Amino acid sequence: MKKLCFLLVFCLLLSGCVTKPAPQVQTCEAGHTDEGNDGFCDVCSSLLLVFVDFYSLNDIHGKLDDASTHPGLDELSTYLDEARQMDDHAIFLSAGDMWQGSSESNLTKGQIMTDWMNRMGFAAMALGNHEYDWGEPAILDNQTLAQFPLLAINVYDRATNQQVPYCESSTMVDLGQLQIGIIGAIGDCYSSIAADKVEDVYFLTGADLTRLVKKEAQALREEGADCIVYLLHDGSGSNQSGTVSNGQLKSYYDISLSDGYVDLVFEGHTHRQYVLKDSAGIYHLQSGGDNEGISHVEVAINTVTGNIAVQTAELVPTSAYTDYEDHPVVDELLEKYESQIALGEEALGTNAARRNNRYIQQLVADLYYQAGVELWGDTYDIALGGGFVSLRDPGYLAAGEITYKMLYSILPFDNHLVLCSIKGKDLADRFLFTNNARYYISYGDYGASLKEHIDPNEIYYVVVDTYTSLYAPNRLTEVARYEANVFARDLLAAHVKSGGLN
Ligand SMILES: [Zn+2]
Ligand SMILES: [Zn+2]
């Protein structure tokens, strides 16, 4: 193990979020000990311990750029490169949601991120729900490009009832003296994906997922895995730390997996930061979302007994590498994909004041309504526009020049505009009088009048996007679809261009 002293200093500074268990004294076959814990027997000098360092990222969401809240992928790359040089065995992993969320990544449908992971030498990536945002063809294209496996043990094709062809259940990393098994799964997040993007697949969750992971872990052990890491695109909903009860894990992790099946769990999806130890002593880590840090665990594996001792389990915060030099890999990638991502840099116009999330979400509803009236208003009386509108990082638009790139960041989704019919009763319950704070509604005089006089059995017309229309409880029936690739951010871009935010 070759650690540089700055890392030690850094670990001391961060002792609040670093877990450092007392090292166990290791014993060689002859029963001699390694009191100094240097990995070699004090008497016969045989190799007792192999140290393996896992670095896991989750929910990067295509965030290449430096931001006021975090350094970019260029500094992160330098950190990872140094880690690889310092550690004998460094394994880079991802717990999913790597692609969607920036103009560079969206305009290349995730390929710039996959390419980055290739160049950094990632060993595996679990599939996240947002990997489905452009449908299965884009996942297949990324899988073709990736020099590492996409892992999802529990995603099945509806037509064949077979595991989808673009994912594997697990992979084995060969370290010479040791084999590391990696299993990947997506959590119970099917309903948080636009329904049309996952209509051909289903996810096995709960007891079915536990059964699959146990079977795979057993197979990996039989193949010689000395340590099994579980990459799970799901996780805790809070930023807690310390020991976690079985009850707190229950919604996404079956504690029986910690009984000899998996040795370490890297999680994602909830964008939380934590280092947790479960009741069986297995660590669970997640390092936030939108490029907020790295989960790092160092284990010492005894080559004689097979014992795995966690040496360090920590979240490496962005402050650890914010002053690092830019790694050239990011500029190389920006150059390689230049023609595809140029649109992101286009200046659209000026924003006179900072616009908060509520302002923009209401504006999107207004733009949906206006576009709907323009497209279909001659034929249909449109009651309202809008629906579920949610903004992504950073969740606001600063005053000043607006580029497409900024709009991609807050509105990365490719949901089509649709005209739908709905019964009066449902229109009232789901839209006019909704108590869902994430629904934003816009209407003209006609829609406003319906608040007073609505016939529960009458059919009305609304303009929403496919994320809202395909959500079954809304009871919407699609009547017409705007097929052009014009999404919320494009309507907003046109609004900025026309001086709407001046
Ligand atoms: Zn995410
Ligand atoms: Zn997710």
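Donors, in this talk, are N, O and S atoms within 2.8 Å of the metal, or 3.2 Å for Na, K and Ca; water is not among the atoms, so sites may look incomplete.

Some ground rules. This is a predicted model, where local features need pLDDT of at least 70 and side-chain atom pairs count only at pLDDT 80 or more, while totals for chains, interfaces and linings use all residues. Residues are numbered from 1 along each chain as its sequence is written, chains are lettered from A and ligands numbered from 1 in the order in which they are written, and side-chain values use heavy atoms, with hydrogens and water left out.

Now the metals. On the cut-offs: four donors count as tetrahedral if all angles lie between 85 and 135 degrees; four count as square planar and six as octahedral if opposite donors are over 155 degrees apart and all others between 65 and 115; anything else is irregular.

Next, ligand 2. The protein donors of this zinc ion are Asp 97 (OD), Asn 129 (OD1), His 233 (NE2) and His 269 (ND1), lying 2.1 to 2.2 Å from it. Their spacing is D-x31-N-x103-H-x35-H. With angles of 87 to 159° among the 4 donor atoms, the site of ligand 2 is irregular.

Where do Asp 97 and His 271 sit in the chain? Asp 97 is in the loop between strand E5 (90-94) and helix H3 (103-107), and His 271 is in the loop between strand E14 (264-267) and strand E15 (273-277), 174 residues apart. Helices (H or I, at least four residues) and strands (E, at least two) are DSSP runs, numbered from the N terminus.

Buried or exposed? Buried means under 20% relative accessible area, exposed over 50%, partly exposed in between (1.4 Å probe, protein chains only). Asp 97 is buried at 1%. His 233 is buried at 0%. His 271 is partly exposed at 26%.

His 233 lies in strand E12, which brings us to the sheets. An open sheet of 7 strands has the order E9-E10-E12-E14-E16-E15-E13, with mixed pairing. Strand E9 (170-174) and strand E13 (242-243) stand at the edges, each with a single partner strand, so one side of each is left without a neighbour in the sheet. Two strands pair if DSSP finds at least two bridges between them. Strand E10 (residues 179-186) and strand E12 (residues 227-233) run parallel, joined by 7 bridges. In that pair, Ile 182 stands opposite Val 229 in E12. Helix H6 packs on this sheet, touching E9, E10 and E12, and its direction makes about 165° with that of E10. Contact means heavy atoms within 4.5 Å. Axes are lines fitted to C-alpha atoms, for helices over the stretch in contact, and angles run from 0 to 180 degrees between N-to-C directions.

There is also an open sheet of 5 strands, ordered E23-E20-E24-E22-E25, with mixed pairing. Its edge strands are E23 (439-442) and E25 (477-481), each pairing on one side only. The twist averages 30° from one strand to the next. Helix H12 (residues 424-432) packs on this sheet, touching E20, strand E22 (417-423), E23 and E24; the H12 direction makes about 125° with that of E22.

Last topic: salt bridges. The definition is a side-chain nitrogen of Lys or Arg within 4 Å of a carboxyl oxygen of Asp or Glu. A search of the whole structure finds 15. One of them joins Glu 332 and Arg 119, at 3.4 Å, N to O. Glu 332 lies in helix H8 (residues 328-336) and Arg 119 in helix H4 (residues 111-120), so the pair ties together parts 213 residues apart in sequence. Arg 221 forms a salt bridge with Asp 263, with the closest N and O atoms 3.1 Å apart. Here Arg 221 is partly exposed at 29%, and Asp 263 is buried at 18%. Finally, Asp 65, Glu 104, Glu 345 and Lys 405 are linked in a network of salt bridges.
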